[in-house]
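Colleague: I've just opened this one and I'm new to it. Can you walk me through?

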Amino acid sequence: MATFFGEVLDVASRAFDADDDDEDYEEKITQASSPILRWSPGIRSELKQSQDNVLNCSLLLLAIGPAPTGFVQSYVLSEEYEDIGVIISGLTSKDNNSFQQSLHTDKSCFVYRLKRRPDIVVCQCNARVSAEQAFHWTEKLFSNIKKSCVVILASTQSTEYKALEQNQTIPFMKCLCSSVFTEKPSCDYLPQPNTVSELPAAVLNHCQVHSIPAILYMAYLDSVHIDAASMKVFLPVLDNTFLKEVSKVNGKAEKSVKKLVELNTIQNPLYI
């Protein structure tokens, strides 16, 4: 507090709570800390043997959020796969984390590789990565992966969509791509003045800067909790990627979708 004479007095406010200050400090530290990437022992051995210390893959599929990760879990990872890495970000001492993405509170993102198609790498990010961490998170993931193409699946609320078309059914999907992406997209492009933010924007921007063919599919949903329609809105993506072959042999997708919806209902009983 400053007096009329310019003297600054260190006066404590009666509204001040030391616990609040500690919580704010921990939150700032959490937001500022860099994400941590850990590869499995097998992958670390592969990286050491490679000349450039990178994994070569034809496709990097990145799913961000409950609906995209649920879709990938049901239609892509139903095949045999191996856990090859994990990215941990934003953890505080109060967080409850299973480190298996079995809880909706988990803040860990896992990296997988299909055993039948080891050239396909999948990253499941079911945790929110803050805007402050998005750049460093992206740099960590891409530091050891040499990719030919990147496909990003993300979702947001339909209320975020500007200039909603007449008779537009919800959920729906729009896309954005890097300038070097030449494939035909599975949906219409995202029109102006709509924008994307946080981790999806950071990943797509990285691909644009480094001339990596990449496309972002953004789904606009009417619920914050996943249901079958929210996951199935991504189905057209399978027809235009290397995943088309994988999805054809998957006969358990519908059962997996139903199980994920039931699990989400149990974890969020207030929204039944």
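Colleague: Which residues make the contact?

Modeller: From helix 4 you have Ala-131, Ala-134, Phe-135, Trp-137, Thr-138, Glu-139 and Phe-142. Helix 5 brings Glu-198, Leu-199, Ala-202, Val-203, His-206 and Cys-207.

Colleague: And how many of those are nonpolar, polar or charged?

Modeller: Nine are nonpolar, two are polar and two are charged.

Colleague: Ok, zooming out. How many helices and strands does the protein have?

Modeller: Eight helices and ten strands. There are 272 residues in the protein, and buried ones make up 43% of them. Also, take the contacts between residues at least 6 apart in sequence: 75% of these join residues at least 24 apart.

Colleague: What's the confidence like, as mean pLDDT?

Modeller: The mean is 79, and 74% of the residues reach 70 or more. Residues 2-16 have pLDDT below 50, and that stretch has eight contacts in the model beyond near neighbours in sequence. Residues 101-105 are below 50 too, with 14 such contacts. Where pLDDT is low, the predicted coordinates should not be read in detail.

Colleague: Noted. Is helix 3 mostly covered or mostly exposed?

Modeller: Mostly covered, with eight of its ten residues buried. Those are Ala-67, Pro-68, Thr-69, Gly-70, Phe-71, Val-72, Ser-74 and Tyr-75.

Colleague: What about Ser-78, where is that?

Modeller: Ser-78 sits in the loop between helix 3 (66-75) and strand 4 (81-88). Its relative accessible area is 36%, so Ser-78 is partly exposed. Ser-78 and Ala-253 are 175 residues apart in sequence, yet their C-alpha atoms are 7.3 Å apart in space.

Colleague: Now the backbone. What should I look out for?

Modeller: Most residues other than glycine have a negative phi, and most peptide bonds are trans. Asn-53, though, has a positive phi near 60°. Asn-53 is also in the loop between helix 2 and strand 2, and its 37% relative accessibility makes it partly exposed.

Colleague: What is the phi of Ser-211, positive or negative?

Modeller: Positive, about 55°, although Ser-211 is not a glycine. You'll find Ser-211 in the loop between helix 5 and strand 10 (214-221). Ser-211 is exposed, because its relative accessible area is 53%.

Colleague: And the peptide bond from Ile-170 to Pro-171, cis or trans?

Modeller: Cis, with omega near 5°. Pro-171 is in the loop between strand 8 (150-157) and strand 9 (172-177). The bond from Gln-192 to Pro-193 is cis as well, again with omega near 5°.

Colleague: Where is Pro-193 found?

Modeller: In the loop between strand 9 and helix 5.

Notes. Residues numbered from 1 in each chain as written. Predicted model: local features only at pLDDT ≥ 70, side-chain atom pairs only at ≥ 80, totals over all residues. Heavy atoms only, no water. pLDDT = per-residue confidence, 0-100. Contact = heavy atoms within 4.5 Å. Helix = DSSP H or I, 4+ residues; strand = E, 2+ residues; numbered from the N terminus. Nonpolar A, V, L, I, M, F, W, Y, C, P; charged D, E, K, R; others polar. Buried < 20%, exposed > 50% of the residue type's maximum accessible area, 1.4 Å probe, protein only.
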